[in-house]
Amino acid sequence: MHYEKFADGTVKCIEDEIPFEVPEGWEWARLNYICMMAAGKSKPTAQIMPDPFEGSFPCFGGNGIRGYVDKYNQDGTYSIIGRQGALCGNINVATGKFYATEHAVVTTLFSDIDFNWSNYILEALHLNKYATGAAQLGLSVANILNVFVPIPSTKEQQHIGRKISEIIEVIESIELQKQKLQRAVLNTKSKILDLAIRGKLVPQDPNDEPASVLLERIRVEKEELIKQGKIKRDKKESVIFKGEDNSYYLKDENGVTDITDDLPFYIPDLWQWAKIKDILQINPRNSLENNLKVSFVPMLLIDNGYSGKHTDEVRLWKQVKNGFTHFKENDVGIAKITPCFENRKSTIFKNLRNGYGAGTTELHILRTYDDTILPQYLLAYIKSNLFIEKGKQNFIGVVGQQRIGRTYIENLYLPIPPLQEQQRIADQIDVIFTQLDAIISSLL
(Lines give C-alpha, C1' and ligand atoms only; values in the text may rest on other atoms or scores of the structure.)
Protein backbone atom coordinates (compact mmCIF):
# COMPACT_ATOMS: atom_id res chain seq x y z
CA MET A 1 0.00 0.00 0.00
CA HIS A 2 1.11 3.56 -0.65
CA TYR A 3 1.06 6.18 2.11
CA GLU A 4 1.92 9.86 2.24
CA LYS A 5 3.47 11.48 5.31
CA PHE A 6 2.89 15.21 5.86
CA ALA A 7 4.98 17.86 7.62
CA ASP A 8 2.81 17.72 10.74
CA GLY A 9 3.56 14.00 11.10
CA THR A 10 0.16 12.74 9.91
CA VAL A 11 0.00 9.83 7.48
CA LYS A 12 -2.61 9.18 4.80
CA CYS A 13 -3.25 6.13 2.61
CA ILE A 14 -3.10 7.25 -1.05
CA GLU A 15 -3.47 3.85 -2.72
CA ASP A 16 -6.58 5.01 -4.63
CA GLU A 17 -4.66 8.02 -6.01
CA ILE A 18 -1.75 6.02 -7.46
CA PRO A 19 -2.51 5.45 -11.18
CA PHE A 20 -0.29 2.40 -11.80
CA GLU A 21 2.52 0.26 -10.39
CA VAL A 22 6.10 1.33 -11.03
CA PRO A 23 9.26 -0.82 -11.44
CA GLU A 24 11.48 -1.81 -8.54
CA GLY A 25 13.63 1.13 -7.49
CA TRP A 26 11.13 3.79 -8.65
CA GLU A 27 9.11 5.95 -6.29
CA TRP A 28 5.91 7.94 -6.48
CA ALA A 29 6.12 11.58 -5.44
CA ARG A 30 4.32 14.81 -6.06
CA LEU A 31 5.74 17.16 -8.70
CA ASN A 32 6.97 19.57 -6.01
CA TYR A 33 9.50 16.89 -5.02
CA ILE A 34 11.44 17.38 -8.28
CA CYS A 35 11.00 21.07 -9.07
CA MET A 36 9.85 24.54 -8.16
CA MET A 37 7.56 26.64 -10.34
CA ALA A 38 7.10 30.39 -10.58
CA ALA A 39 5.10 32.59 -12.93
CA GLY A 40 6.97 35.15 -15.00
CA LYS A 41 6.49 38.90 -14.69
CA SER A 42 4.11 41.15 -16.57
CA LYS A 43 5.51 42.98 -19.58
CA PRO A 44 3.55 45.64 -21.51
CA THR A 45 2.87 44.56 -25.07
CA ALA A 46 4.26 47.83 -26.38
CA GLN A 47 7.66 46.92 -24.92
CA ILE A 48 7.82 43.58 -26.77
CA MET A 49 9.36 43.97 -30.24
CA PRO A 50 8.40 41.46 -32.99
CA ASP A 51 11.98 41.14 -34.30
CA PRO A 52 15.33 40.77 -32.51
CA PHE A 53 17.50 43.87 -32.08
CA GLU A 54 20.98 44.61 -30.71
CA GLY A 55 21.19 43.56 -27.06
CA SER A 56 17.74 41.94 -27.14
CA PHE A 57 16.51 38.82 -25.38
CA PRO A 58 13.70 36.44 -26.41
CA CYS A 59 10.46 36.99 -24.51
CA PHE A 60 8.48 33.83 -23.70
CA GLY A 61 4.73 33.71 -23.14
CA GLY A 62 2.46 30.70 -22.84
CA ASN A 63 2.90 29.70 -26.50
CA GLY A 64 6.64 30.13 -26.86
CA ILE A 65 8.55 33.19 -28.07
CA ARG A 66 6.29 36.24 -28.32
CA GLY A 67 9.00 38.67 -29.37
CA TYR A 68 12.09 40.39 -27.99
CA VAL A 69 12.81 42.73 -25.06
CA ASP A 70 15.75 44.67 -23.64
CA LYS A 71 15.96 42.83 -20.28
CA TYR A 72 15.94 39.24 -19.05
CA ASN A 73 14.67 37.63 -15.87
CA GLN A 74 16.02 34.06 -16.31
CA ASP A 75 19.29 32.54 -17.46
CA GLY A 76 19.71 28.82 -18.11
CA THR A 77 17.68 25.96 -19.56
CA TYR A 78 14.09 25.70 -18.35
CA SER A 79 10.78 24.11 -19.19
CA ILE A 80 8.11 26.79 -19.60
CA ILE A 81 4.42 25.99 -19.06
CA GLY A 82 1.57 28.05 -20.49
CA ARG A 83 -0.88 28.98 -17.75
CA GLN A 84 -3.86 30.82 -19.27
CA GLY A 85 -6.68 30.11 -21.71
CA ALA A 86 -6.10 27.74 -24.59
CA LEU A 87 -2.38 27.70 -23.81
CA CYS A 88 -2.81 25.98 -20.43
CA GLY A 89 -0.29 23.16 -20.16
CA ASN A 90 1.55 24.10 -23.35
CA ILE A 91 5.25 23.19 -22.91
CA ASN A 92 8.22 25.07 -24.37
CA VAL A 93 11.95 25.02 -23.65
CA ALA A 94 13.99 28.19 -23.10
CA THR A 95 17.79 28.19 -23.14
CA GLY A 96 20.11 31.09 -22.34
CA LYS A 97 19.03 34.53 -21.19
CA PHE A 98 15.31 35.20 -21.70
CA TYR A 99 12.28 36.98 -20.28
CA ALA A 100 9.17 35.08 -19.10
CA THR A 101 5.83 36.92 -18.93
CA GLU A 102 3.01 36.38 -16.46
CA HIS A 103 1.40 33.98 -18.97
CA ALA A 104 4.24 31.48 -18.48
CA VAL A 105 5.32 29.32 -15.54
CA VAL A 106 9.07 28.69 -15.34
CA THR A 107 10.11 25.31 -13.92
CA THR A 108 13.31 25.09 -11.84
CA LEU A 109 14.59 21.55 -11.19
CA PHE A 110 16.14 20.33 -7.95
CA SER A 111 19.54 18.61 -8.09
CA ASP A 112 19.88 15.08 -9.52
CA ILE A 113 16.79 15.54 -11.75
CA ASP A 114 17.54 15.14 -15.46
CA PHE A 115 16.18 17.98 -17.60
CA ASN A 116 15.19 15.92 -20.68
CA TRP A 117 13.37 13.37 -18.57
CA SER A 118 11.53 16.04 -16.56
CA ASN A 119 10.47 17.89 -19.71
CA TYR A 120 9.02 14.71 -21.22
CA ILE A 121 7.24 14.06 -17.90
CA LEU A 122 5.60 17.48 -18.10
CA GLU A 123 4.48 16.73 -21.66
CA ALA A 124 3.12 13.33 -20.60
CA LEU A 125 1.10 14.77 -17.70
CA HIS A 126 -1.18 16.78 -20.04
CA LEU A 127 -1.34 19.60 -17.53
CA ASN A 128 -4.18 21.37 -19.36
CA LYS A 129 -6.61 18.94 -17.70
CA TYR A 130 -5.79 20.58 -14.36
CA ALA A 131 -6.89 24.04 -15.55
CA THR A 132 -9.75 25.69 -13.69
CA GLY A 133 -11.98 28.69 -14.22
CA ALA A 134 -15.13 29.53 -16.14
CA ALA A 135 -14.66 32.64 -18.30
CA GLN A 136 -10.88 32.18 -18.57
CA LEU A 137 -9.13 28.89 -17.86
CA GLY A 138 -5.99 29.11 -15.74
CA LEU A 139 -3.39 26.81 -14.21
CA SER A 140 -2.69 27.12 -10.51
CA VAL A 141 0.98 26.50 -9.67
CA ALA A 142 -0.09 24.88 -6.38
CA ASN A 143 -2.38 22.47 -8.25
CA ILE A 144 0.33 21.51 -10.72
CA LEU A 145 2.93 20.87 -8.03
CA ASN A 146 0.46 18.56 -6.29
CA VAL A 147 0.31 16.15 -9.26
CA PHE A 148 1.81 12.67 -8.75
CA VAL A 149 4.80 11.58 -10.88
CA PRO A 150 6.73 8.27 -11.01
CA ILE A 151 10.45 8.93 -10.33
CA PRO A 152 13.32 6.61 -11.32
CA SER A 153 16.96 7.01 -10.29
CA THR A 154 19.01 9.85 -11.79
CA LYS A 155 20.90 7.41 -14.00
CA GLU A 156 17.69 5.90 -15.34
CA GLN A 157 16.21 9.37 -15.85
CA GLN A 158 19.20 10.21 -18.04
CA HIS A 159 18.83 6.95 -19.95
CA ILE A 160 15.09 7.51 -20.48
CA GLY A 161 15.67 11.11 -21.59
CA ARG A 162 18.31 10.07 -24.15
CA LYS A 163 16.20 7.19 -25.43
CA ILE A 164 13.10 9.34 -25.91
CA SER A 165 15.17 11.98 -27.72
CA GLU A 166 16.58 9.31 -30.06
CA ILE A 167 13.12 7.92 -30.75
CA ILE A 168 11.70 11.38 -31.42
CA GLU A 169 14.53 12.05 -33.89
CA VAL A 170 13.67 8.82 -35.71
CA ILE A 171 9.96 9.68 -35.73
CA GLU A 172 10.65 13.19 -37.03
CA SER A 173 12.92 11.77 -39.73
CA ILE A 174 10.22 9.31 -40.77
CA GLU A 175 7.62 12.09 -40.79
CA LEU A 176 9.91 14.26 -42.93
CA GLN A 177 10.43 11.43 -45.41
CA LYS A 178 6.69 10.81 -45.41
CA GLN A 179 6.03 14.45 -46.23
CA LYS A 180 8.62 14.34 -49.02
CA LEU A 181 6.98 11.23 -50.47
CA GLN A 182 3.54 12.84 -50.27
CA ARG A 183 4.85 15.88 -52.15
CA ALA A 184 6.47 13.57 -54.71
CA VAL A 185 3.15 11.78 -55.23
CA LEU A 186 1.32 15.09 -55.73
CA ASN A 187 3.99 16.25 -58.18
CA THR A 188 3.70 12.95 -60.02
CA LYS A 189 -0.07 13.32 -60.31
CA SER A 190 0.40 16.83 -61.64
CA LYS A 191 2.89 15.57 -64.23
CA ILE A 192 0.59 12.73 -65.28
CA LEU A 193 -2.23 15.18 -65.99
CA ASP A 194 0.15 17.46 -67.87
CA LEU A 195 1.22 14.55 -70.10
CA ALA A 196 -2.42 13.51 -70.55
CA ILE A 197 -3.68 16.83 -71.93
CA ARG A 198 -0.66 17.12 -74.24
CA GLY A 199 -1.20 13.72 -75.86
CA LYS A 200 1.90 12.19 -74.28
CA LEU A 201 0.42 9.81 -71.70
CA VAL A 202 -0.83 7.06 -74.03
CA PRO A 203 0.15 6.24 -77.61
CA GLN A 204 -1.91 7.60 -80.50
CA ASP A 205 -3.75 5.12 -82.71
CA PRO A 206 -4.04 6.15 -86.38
CA ASN A 207 -7.25 4.11 -86.58
CA ASP A 208 -8.99 6.37 -84.03
CA GLU A 209 -11.82 8.53 -85.30
CA PRO A 210 -10.30 12.06 -85.42
CA ALA A 211 -11.49 14.69 -82.98
CA SER A 212 -12.81 16.76 -85.87
CA VAL A 213 -15.65 14.22 -86.13
CA LEU A 214 -16.50 14.88 -82.47
CA LEU A 215 -16.72 18.60 -83.13
CA GLU A 216 -19.07 18.03 -86.04
CA ARG A 217 -21.20 15.77 -83.85
CA ILE A 218 -21.36 18.54 -81.25
CA ARG A 219 -22.50 21.06 -83.85
CA VAL A 220 -25.29 18.74 -85.00
CA GLU A 221 -26.47 18.11 -81.43
CA LYS A 222 -26.39 21.83 -80.62
CA GLU A 223 -28.53 22.59 -83.65
CA GLU A 224 -31.09 20.02 -82.52
CA LEU A 225 -31.19 21.47 -78.99
CA ILE A 226 -31.59 24.98 -80.45
CA LYS A 227 -34.56 23.78 -82.53
CA GLN A 228 -36.09 22.25 -79.38
CA GLY A 229 -35.63 25.54 -77.53
CA LYS A 230 -33.41 23.93 -74.87
CA ILE A 231 -30.39 26.15 -75.57
CA LYS A 232 -29.90 29.47 -77.29
CA ARG A 233 -27.75 30.05 -80.34
CA ASP A 234 -24.38 31.63 -79.56
CA LYS A 235 -23.97 34.61 -81.85
CA LYS A 236 -20.25 34.64 -81.07
CA GLU A 237 -19.59 31.00 -81.92
CA SER A 238 -16.10 30.28 -83.18
CA VAL A 239 -14.19 27.57 -85.03
CA ILE A 240 -10.49 26.76 -84.79
CA PHE A 241 -8.76 25.21 -87.79
CA LYS A 242 -5.26 24.41 -88.92
CA GLY A 243 -4.09 26.14 -92.08
CA GLU A 244 -1.89 24.81 -94.85
CA ASP A 245 0.99 26.68 -93.20
CA ASN A 246 0.47 24.52 -90.05
CA SER A 247 -0.64 27.56 -88.09
CA TYR A 248 -3.88 27.59 -86.11
CA TYR A 249 -6.62 30.10 -86.91
CA LEU A 250 -9.73 31.24 -85.05
CA LYS A 251 -12.76 32.10 -87.16
CA ASP A 252 -15.45 34.11 -85.35
CA GLU A 253 -17.67 37.17 -85.82
CA ASN A 254 -14.53 39.32 -86.13
CA GLY A 255 -13.08 37.33 -89.03
CA VAL A 256 -10.05 35.01 -89.07
CA THR A 257 -7.17 35.43 -86.59
CA ASP A 258 -3.88 33.57 -86.27
CA ILE A 259 -3.87 32.17 -82.71
CA THR A 260 -0.84 29.90 -82.95
CA ASP A 261 1.09 31.90 -80.36
CA ASP A 262 -1.90 31.87 -77.99
CA LEU A 263 -2.04 28.09 -77.78
CA PRO A 264 -0.03 26.61 -74.88
CA PHE A 265 1.48 23.60 -76.68
CA TYR A 266 1.42 21.42 -79.78
CA ILE A 267 -1.11 18.59 -80.03
CA PRO A 268 -1.10 15.32 -82.01
CA ASP A 269 -2.51 15.26 -85.55
CA LEU A 270 -5.84 13.63 -84.69
CA TRP A 271 -6.55 16.14 -81.91
CA GLN A 272 -8.38 19.45 -82.21
CA TRP A 273 -8.42 22.77 -80.38
CA ALA A 274 -11.74 24.40 -79.47
CA LYS A 275 -13.00 27.07 -77.12
CA ILE A 276 -14.91 25.57 -74.19
CA LYS A 277 -18.01 27.69 -74.89
CA ASP A 278 -18.28 26.14 -78.36
CA ILE A 279 -18.23 22.50 -77.27
CA LEU A 280 -19.70 22.42 -73.74
CA GLN A 281 -22.74 23.78 -71.93
CA ILE A 282 -21.71 26.17 -69.17
CA ASN A 283 -23.84 26.56 -66.03
CA PRO A 284 -27.03 24.97 -67.45
CA ARG A 285 -30.26 24.96 -65.45
CA ASN A 286 -32.55 22.04 -64.53
CA SER A 287 -36.34 21.98 -64.74
CA LEU A 288 -37.72 19.36 -62.33
CA GLU A 289 -40.77 18.49 -60.26
CA ASN A 290 -40.84 20.35 -56.94
CA ASN A 291 -41.11 17.24 -54.76
CA LEU A 292 -38.37 15.27 -56.53
CA LYS A 293 -35.59 14.18 -54.18
CA VAL A 294 -32.21 15.39 -55.44
CA SER A 295 -28.63 15.63 -54.20
CA PHE A 296 -27.42 18.75 -52.46
CA VAL A 297 -23.65 19.36 -52.48
CA PRO A 298 -22.19 22.27 -50.47
CA MET A 299 -18.52 23.11 -51.05
CA LEU A 300 -17.54 21.26 -47.87
CA LEU A 301 -18.60 17.95 -49.44
CA ILE A 302 -16.26 18.30 -52.45
CA ASP A 303 -12.78 16.89 -51.89
CA ASN A 304 -9.60 18.91 -52.32
CA GLY A 305 -6.82 17.63 -54.52
CA TYR A 306 -6.89 15.07 -57.28
CA SER A 307 -9.49 12.54 -56.09
CA GLY A 308 -12.48 14.24 -57.73
CA LYS A 309 -14.77 12.77 -55.06
CA HIS A 310 -17.80 14.29 -53.42
CA THR A 311 -20.61 13.28 -51.10
CA ASP A 312 -24.10 14.71 -50.87
CA GLU A 313 -27.19 15.39 -48.78
CA VAL A 314 -30.79 14.75 -49.80
CA ARG A 315 -33.15 17.67 -50.44
CA LEU A 316 -36.41 18.27 -52.26
CA TRP A 317 -35.99 20.15 -55.51
CA LYS A 318 -38.27 22.97 -54.34
CA GLN A 319 -35.84 23.59 -51.46
CA VAL A 320 -32.79 24.09 -53.66
CA LYS A 321 -33.97 25.09 -57.13
CA ASN A 322 -33.57 28.80 -56.34
CA GLY A 323 -30.35 30.40 -55.12
CA PHE A 324 -28.11 27.43 -55.88
CA THR A 325 -26.07 26.01 -58.75
CA HIS A 326 -27.81 23.30 -60.84
CA PHE A 327 -26.19 20.14 -62.17
CA LYS A 328 -26.99 16.59 -63.25
CA GLU A 329 -25.29 13.19 -63.47
CA ASN A 330 -21.81 13.37 -65.12
CA ASP A 331 -21.64 17.17 -65.06
CA VAL A 332 -18.24 18.55 -64.06
CA GLY A 333 -18.19 21.08 -61.22
CA ILE A 334 -15.34 23.57 -60.67
CA ALA A 335 -14.91 25.68 -57.54
CA LYS A 336 -14.57 29.25 -58.73
CA ILE A 337 -13.59 31.05 -55.50
CA THR A 338 -10.17 31.21 -53.85
CA PRO A 339 -8.72 29.17 -52.13
CA CYS A 340 -11.06 26.35 -53.21
CA PHE A 341 -10.08 26.87 -56.84
CA GLU A 342 -6.35 26.51 -56.15
CA ASN A 343 -7.08 23.53 -53.87
CA ARG A 344 -8.62 21.73 -56.87
CA LYS A 345 -12.13 21.37 -55.48
CA SER A 346 -13.53 19.98 -58.72
CA THR A 347 -15.56 16.86 -59.33
CA ILE A 348 -17.67 14.76 -61.66
CA PHE A 349 -21.12 14.56 -60.12
CA LYS A 350 -21.88 10.85 -59.71
CA ASN A 351 -24.65 8.76 -58.12
CA LEU A 352 -26.94 11.77 -57.72
CA ARG A 353 -30.41 11.20 -56.29
CA ASN A 354 -32.66 10.77 -59.34
CA GLY A 355 -29.77 11.95 -61.47
CA TYR A 356 -29.95 15.62 -60.49
CA GLY A 357 -28.65 18.00 -57.88
CA ALA A 358 -27.90 21.52 -56.73
CA GLY A 359 -25.16 22.99 -54.59
CA THR A 360 -22.98 25.88 -53.63
CA THR A 361 -23.20 28.98 -55.80
CA GLU A 362 -19.38 29.04 -55.91
CA LEU A 363 -19.28 26.48 -58.74
CA HIS A 364 -19.02 26.63 -62.51
CA ILE A 365 -20.71 23.65 -64.18
CA LEU A 366 -19.58 22.09 -67.47
CA ARG A 367 -21.97 19.73 -69.26
CA THR A 368 -20.75 17.66 -72.20
CA TYR A 369 -22.71 16.62 -75.27
CA ASP A 370 -23.34 12.89 -75.73
CA ASP A 371 -20.42 10.74 -76.94
CA THR A 372 -18.06 13.67 -77.50
CA ILE A 373 -15.99 14.73 -74.46
CA LEU A 374 -15.60 12.28 -71.59
CA PRO A 375 -16.13 13.92 -68.16
CA GLN A 376 -13.07 12.02 -66.88
CA TYR A 377 -10.85 13.60 -69.52
CA LEU A 378 -12.40 17.01 -68.91
CA LEU A 379 -11.72 16.67 -65.16
CA ALA A 380 -8.07 15.81 -65.91
CA TYR A 381 -7.79 19.10 -67.79
CA ILE A 382 -9.58 21.02 -65.01
CA LYS A 383 -7.16 19.66 -62.39
CA SER A 384 -4.04 20.26 -64.50
CA ASN A 385 -1.49 22.91 -63.56
CA LEU A 386 -2.14 24.62 -66.88
CA PHE A 387 -5.77 25.28 -65.95
CA ILE A 388 -5.07 26.21 -62.31
CA GLU A 389 -2.11 28.54 -62.92
CA LYS A 390 -3.77 30.37 -65.78
CA GLY A 391 -6.93 30.68 -63.68
CA LYS A 392 -4.99 32.31 -60.84
CA GLN A 393 -3.73 34.90 -63.32
CA ASN A 394 -7.31 35.70 -64.28
CA PHE A 395 -8.89 36.12 -60.85
CA ILE A 396 -11.42 38.91 -60.54
CA GLY A 397 -12.74 40.55 -57.37
CA VAL A 398 -11.23 41.85 -54.16
CA VAL A 399 -8.55 40.03 -52.16
CA GLY A 400 -10.08 37.21 -50.11
CA GLN A 401 -13.10 37.00 -52.42
CA GLN A 402 -11.40 36.45 -55.75
CA ARG A 403 -12.96 34.17 -58.35
CA ILE A 404 -12.53 32.91 -61.87
CA GLY A 405 -15.31 34.35 -64.00
CA ARG A 406 -17.45 32.68 -66.62
CA THR A 407 -15.60 34.57 -69.36
CA TYR A 408 -12.36 32.88 -68.37
CA ILE A 409 -14.00 29.45 -68.64
CA GLU A 410 -15.75 30.24 -71.94
CA ASN A 411 -12.63 31.34 -73.79
CA LEU A 412 -10.24 28.63 -72.68
CA TYR A 413 -8.68 26.60 -75.47
CA LEU A 414 -9.36 22.92 -74.77
CA PRO A 415 -7.16 20.25 -76.42
CA ILE A 416 -9.52 17.51 -77.63
CA PRO A 417 -8.31 13.95 -78.34
CA PRO A 418 -10.28 11.36 -80.31
CA LEU A 419 -12.97 9.74 -78.15
CA GLN A 420 -11.12 6.42 -78.07
CA GLU A 421 -7.95 8.12 -76.86
CA GLN A 422 -9.90 10.05 -74.23
CA GLN A 423 -10.98 6.69 -72.82
CA ARG A 424 -7.42 5.33 -72.88
CA ILE A 425 -6.21 8.46 -71.11
CA ALA A 426 -8.94 8.20 -68.45
CA ASP A 427 -8.18 4.51 -67.88
CA GLN A 428 -4.44 5.12 -67.58
CA ILE A 429 -4.90 8.01 -65.13
CA ASP A 430 -7.15 5.79 -63.02
CA VAL A 431 -4.55 2.99 -62.93
CA ILE A 432 -1.64 5.28 -62.04
CA PHE A 433 -3.57 7.34 -59.46
CA THR A 434 -4.83 4.16 -57.79
CA GLN A 435 -1.24 2.97 -57.40
CA LEU A 436 -0.09 6.35 -56.09
CA ASP A 437 -2.99 6.47 -53.61
CA ALA A 438 -2.02 2.99 -52.39
CA ILE A 439 1.48 4.32 -51.62
CA ILE A 440 0.03 7.18 -49.58
CA SER A 441 -2.40 4.87 -47.78
CA SER A 442 0.50 2.66 -46.71
CA LEU A 443 2.01 5.65 -44.88
CA LEU A 444 -1.06 6.29 -42.73
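This report describes helix packing and selected loop residues in a predicted model.

Helix H10 spans residues 419–443 and has 25 residues. From its first C-alpha to its last it reaches 37 Å, close to the 36 Å expected at 1.5 Å a residue.

The buried residues of H10 are Glu 421, Gln 422, Ile 425, Ala 426, Ile 429, Ile 432, Phe 433, Leu 436 and Ile 440. An α-helix has 3.6 residues a turn, so residues three or four places apart point the same way. The partners against which the buried residues of H10 pack are helix H3 (154–197), helix H4 (211–227), helix H7 (375–382) and strand E23 (413–416).

## Packing of H3 with H10

The axes of H3 and H10 lie 10 Å apart, at an angle of about 175 degrees. Because angles over 145 degrees count as roughly antiparallel, H3 and H10 are described as roughly antiparallel to each other.

On the H3 side, the residues that meet H10 are Lys 178, Leu 181, Gln 182, Val 185, Thr 188, Lys 189, Ile 192, Leu 193 and Ala 196. Their counterparts in H10 are Ile 425, Ile 429, Ile 432, Phe 433, Leu 436, Asp 437, Ile 439, Ile 440 and Leu 443. By residue class, the contact of H3 with H10 comprises 13 nonpolar, two polar and three charged residues.

## Packing of H1 with H3

Helix H1 (residues 115–124) also packs with H3: the two axes come within 7 Å and cross at roughly 65 degrees. That angle makes H1 roughly perpendicular to H3. The crossing in which H1 passes H3 is left-handed.

H1 contributes Asn 116, Trp 117 and Tyr 120 to the contact, while H3 contributes Gln 157, Ile 160, Gly 161, Ile 164, Ser 165 and Ile 168. The residues of this contact of H1 with H3 are five nonpolar, four polar and no charged.

## Backbone features in loops

Thr 338 and Pro 339 are joined by a cis peptide bond, with omega at about 0 degrees. Pro 339 belongs to the loop between strand E19 (332–335) and strand E20 (346–348).

Positive phi values in residues other than glycine include that of His 126, near 50 degrees, and that of Asn 330, near 75 degrees. His 126 lies in the loop between H1 and helix H2 (141–145). Asn 330 lies in the loop between strand E18 (325–328) and E19, and is partly exposed, with a relative accessible area of 30%.

## An exposed loop residue

Glu 54 is located in the loop between strand E4 (35–39) and strand E5 (57–61). With a relative accessible area of 81%, Glu 54 is exposed. Its C-alpha atom is separated by 54 Å from that of Thr 347, 293 residues apart along the chain.

Note on methods
Residues are numbered from 1 along each chain as its sequence is written. This is a predicted model: local features need pLDDT of at least 70, side-chain atom pairs count only at pLDDT 80 or more; totals for chains, interfaces and linings use all residues. Side-chain values use heavy atoms; hydrogens and water are left out. Helices (H or I, at least four residues) and strands (E, at least two) are DSSP runs, numbered from the N terminus. The expected span of a helix is 1.5 Å times one less than its number of residues. Buried means under 20% relative accessible area, exposed over 50%, partly exposed in between (1.4 Å probe, protein chains only). Contact means heavy atoms within 4.5 Å. Axes are lines fitted to C-alpha atoms, for helices over the stretch in contact, and angles run from 0 to 180 degrees between N-to-C directions. Angles under 35 degrees count as roughly parallel, over 145 as roughly antiparallel, 65 to 115 as roughly perpendicular and the rest as oblique. A crossing is left-handed if the near helix is turned anticlockwise from the far one by less than a right angle, and right-handed if clockwise. Ala, Val, Leu, Ile, Met, Phe, Trp, Tyr, Cys and Pro count as nonpolar, Asp, Glu, Lys and Arg as charged, and the others, Gly among them, as polar.
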